[in-house]
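Morning, everyone. Today I want to talk about salt bridges. Please have a look at the structure first.

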Amino acid sequence: MSLEKFLNKAVSSWMCAEGPDSDIILSSRIRLARNLRNYKFPTLFSNDDAREIIGNIQGYLQQGVFKEYGPMELLLVDDLKSLQKRVLVEKHLISPHLTEHESHGAVILSDNEDISIMINEEDHIRIQCLYPGLQIKEALEKANAIDDMLEAKVDFAFDEDLGYLTSCPTNVGTGLRASVMLHLPALILTRQMNRIIPAINQLGLVVRGIYGEGSEALGNIFQISNQITLGKSEADIVGDLTSVVQQIIAQERSAREALVKTSNIQLEDKVFRSLGILANSRIIETKEATECLSDVRLGIDTGFIKHLSKNILNELMILTQPGFLQQYAGGPLRPAERDIKRAAFIRERLKLEERD
């Protein structure tokens with residue numbers, strides 16, 4: 001493996017697989033936050049501590065601790081260029097936090113990119129596992145297995161009453177953050193989402209944009225995750241999230257059926273207008289591109305468009321982000337240049353799909 005492998009491919013291998021409810025659920029993610037007992041938290045530790053932690057975990061990788069999950073590679077974040085970091089963030093392989101300063105951070109990535117172990121982020125270790133569709137329980141099982149492998153080698157900061165100790169108080173307890181990425185265009189079109197979000201928040205869950213906290217819900221894609229980890233078991237957290245997500249899936253499907261039944265021609269027109277924009281534009285900004293891609297994906301899922309794969313949304317949502325555009329272009333681009341390049345990429349990708 002090499003760094004270029006992770007940078008040059010927009011869609012991770014795991015994203016190409018079909019998952020349960022994948023017409024609405026793009027991905028399920030589990031993240032476990034862990035800290036080492038004998039080191040200060042990353043907000044206070046020294047550069048020497050940071051390097052020592054990376055060295056220790058790299059040693060476990062070389063010893064084959066994670067070998068059952070196939071080839072894995074460690075990347076030092078400080079060795080990456082700013083554009084390379086941005087691409088990894090756009091692919092959800094590292095967090096924006098890990099790129100914000102000279103952190104002496106690192107990440108271990110699996111070959112198909114479904115496992116990401118961030119080192120010296122907000123916590124010493126953050127284990128992330130990703131699955132297509134609604135597979136939160138499966139992602140938790142894999143994350144717990146990796147957690148057990150590490151716990152056999154190191155002492156985690158753990159309190160008998162509080163649980164796992166973390167830098168952020170909201171992660172204390174299980175250290176578990178479970179999240180699901182949903183595509184909810186019908187709930188937006190029928191104006192139900194503004195009513196649903198407050199109800200979700202009241203249940204101890206939080207709704208964010210595509211890149212997590214502080215990000216915008218581009219292309220009608222929302223991330224729903226648990227907000228509390230203390231006082232609840234992992235099973236309860238995952239069970240509560242799954243229950244809420246299943247209700248949202250039912251509401252989105254119902255909204256789609258209603259749109260097809262009551263506004264069929266208007267919906268079809270919206271879908272094909274967006275497809276026309278994507279297929280013919282010479283200049284397109286990120287927001288317009290993501291909105292059109294969302295419409296096209298809805299058209300695929302409702303049967304209006306039959307010649308395109310629904311994975312095209314996953315691919316182009318990443319491929320047309322600023323980092324990827326500049327990675328493909330071979331260097332920095334001004335915003336206007338990115339808009340031109342984005343339109344060209346989309347046109348070329350749609351033509352390839354039609355030829356296939």
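One definition to start: exposed means over 50% relative accessible area, buried means under 20%, and partly exposed is in between. Keep in mind that this is a predicted model.

Take helix α9, residues 264–280. Aspartate 269 and arginine 273 both sit there, 4 residues apart, about one turn of the helix. Their side chains form a salt bridge, 2.7 Å from N to O. Arginine 273 has a relative accessible area of 56%, so this residue is exposed. Aspartate 269 comes out at 36%, so that one is partly exposed.

Next, a pair that spans the chain. Lysine 310 and glutamate 18 make a salt bridge, with the closest N and O atoms 2.9 Å apart. They are 292 residues apart, and the pair links distant parts of the chain. Lysine 310 is in the loop between α10 and α11, and glutamate 18 is in the loop between α1 and β1. How accessible is glutamate 18? Its relative accessible area is 59%, so it is exposed. Lysine 310, at 22%, counts as partly exposed.

Now aspartate 114 and lysine 142. Their closest N and O atoms are 2.7 Å apart, again a salt bridge. Aspartate 114 lies in the loop between β3 and β4, and lysine 142 in helix α5, so the pair ties together parts 28 residues apart in sequence. Buried or exposed, these two? Both aspartate 114 and lysine 142 are buried.

There is also a network. Glu121, Glu122, Asp123 and Arg126 are linked by salt bridges.

And the overall count? The whole structure has 20 salt bridges.

Terms used
Residues numbered from 1 in each chain as written. Predicted model: local features only at pLDDT ≥ 70, side-chain atom pairs only at ≥ 80, totals over all residues. Heavy atoms only, no water. Salt bridge = Lys/Arg side-chain N within 4 Å of Asp/Glu carboxyl O. Helix = DSSP H or I, 4+ residues; strand = E, 2+ residues; numbered from the N terminus. Buried < 20%, exposed > 50% of the residue type's maximum accessible area, 1.4 Å probe, protein only.
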